[in-house]
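Open your viewer and keep the selection tool at hand. We will walk from stop to stop, and at each one you will hear what to select and what is there.

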Amino acid sequence: TIANEINDKKFQAKSLHTLAKFYKAIGQWKKSLEYLNNALKIAISLNEKNLMCELKREIGGVYNFMGETDLALKYIEEGLAMAKILNDEYLIAKYQNDRGLIYCKNEKFEQALDCFTSSIKFKEKINDKFGVGVSMGNIVDVYYSKKDYEKALFYCKEALKTIEEIKDSWGIAVNLHNIGDIYFQLKKYNE
């Protein structure tokens, strides 16, 4: 590759990261992990903390897709610690949301709620309305899974308000669908 020819290690790591995302997108998890781990080795050798932080999140995400939640959480926790050291509120918010998804998958709903709530606080601080809507949607999923449909409905309506502010038509459609589904679960068919 060009990165190898010009011997630019940081560019090599970023190129490997891009290839890993491609393999993740087509469901070739092991190949994605191979490229991510090679990129992480380079990032560590260069002491590129921001890149290391991004890569740990990506690795955790792949392990989560693979159902290996213990490994996913390990990488997410390591990355979150780095994001805190870097004082990167955007990444802290992302990592907290990722932790919540893993806890939710493992039916550790209270821990998931704590993570999503923390993520929302950081996202509000940096004015990431889309991210707030996503994390609220994840809270909806927790309450829906717990069959607490009233709370699910409350958060879904809050998420809808947030998403409407930024005029995200896809997010609006998803939230309206979810509201309809929750009303169905509540047997409020006329709503």
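Start at the second largest pocket, whose lining has 5 nonpolar, 6 polar and 2 charged residues. In this count Ala, Val, Leu, Ile, Met, Phe, Trp, Tyr, Cys and Pro are nonpolar, Asp, Glu, Lys and Arg are charged, and the others, Gly among them, are polar. Before you click further, note that this is a predicted model, in which local features need pLDDT of at least 70 and side-chain atom pairs count only at pLDDT 80 or more, while totals for chains, interfaces and linings use all residues. Residues are numbered from 1 along each chain as its sequence is written, and side-chain values use heavy atoms, with hydrogens and water left out.

Now select G133, V134, G137, V174 and N175, which lie nearest the centre of this pocket among its 13 lining residues. A pocket here is an open set of points on a 1 Å grid over the protein atoms alone, where a 1.4 Å probe fits, with protein on both sides within 12 Å along at least five of seven lines; lining residues have an atom within 4 Å of a point. The volume is about 230 Å³, taken as the space filled by probe spheres set on the points, which are joined across faces, edges and corners.

Which helix gives the most to this lining? Helix 8 does, with 6 residues. Helices are DSSP runs (H or I, at least four residues), numbered from the N terminus. Helix 10 (169-185) also supplies at least two residues.

Next, select T162 in helix 9 (residues 149-165). T162 is buried, with a relative accessible area of 11%; buried means under 20% with a 1.4 Å probe, protein chains only. Leaving aside residues up to four places away in sequence, T162 touches K129, V132, G133 and M136, where contact means heavy atoms within 4.5 Å.

Move on to the largest pocket, with about 350 Å³ of space. Of its 19 lining residues, R57, K94, N97, D98 and L101 are the closest to the centre. Helix 4 (49-65), helix 6 (89-105) and helix 8 (129-145) each supply at least two residues of the lining. By class, this lining divides into 7 nonpolar, 5 polar and 7 charged residues.

Now colour helix 5 (residues 69-86), which has 18 residues. From first C-alpha to last it reaches 25 Å, close to the 26 Å expected at 1.5 Å a residue; the expected span is 1.5 Å times one less than the number of residues. Its buried residues, including L73, I76 and L80, pack against helix 3 (29-46), helix 4 and helix 6. Just past the end of helix 5, N87 takes a positive phi of about 55°.

For the last stop, look for aromatic rings: the whole structure holds 8 pairs. Select Y23 and Y35, whose ring centres are 5.5 Å apart with planes at 5°, so the pair is stacked. Rings of Phe, Tyr and Trp (its six-membered ring) pair if their centres lie within 6.5 Å, and planes under 30 degrees apart count as stacked, over 60 as edge-to-face and the rest as tilted. Y23 sits in helix 2 (residues 9-25) and Y35 in helix 3, 12 residues apart.

Terms used
Buried < 20%, exposed > 50% of the residue type's maximum accessible area, 1.4 Å probe, protein only.
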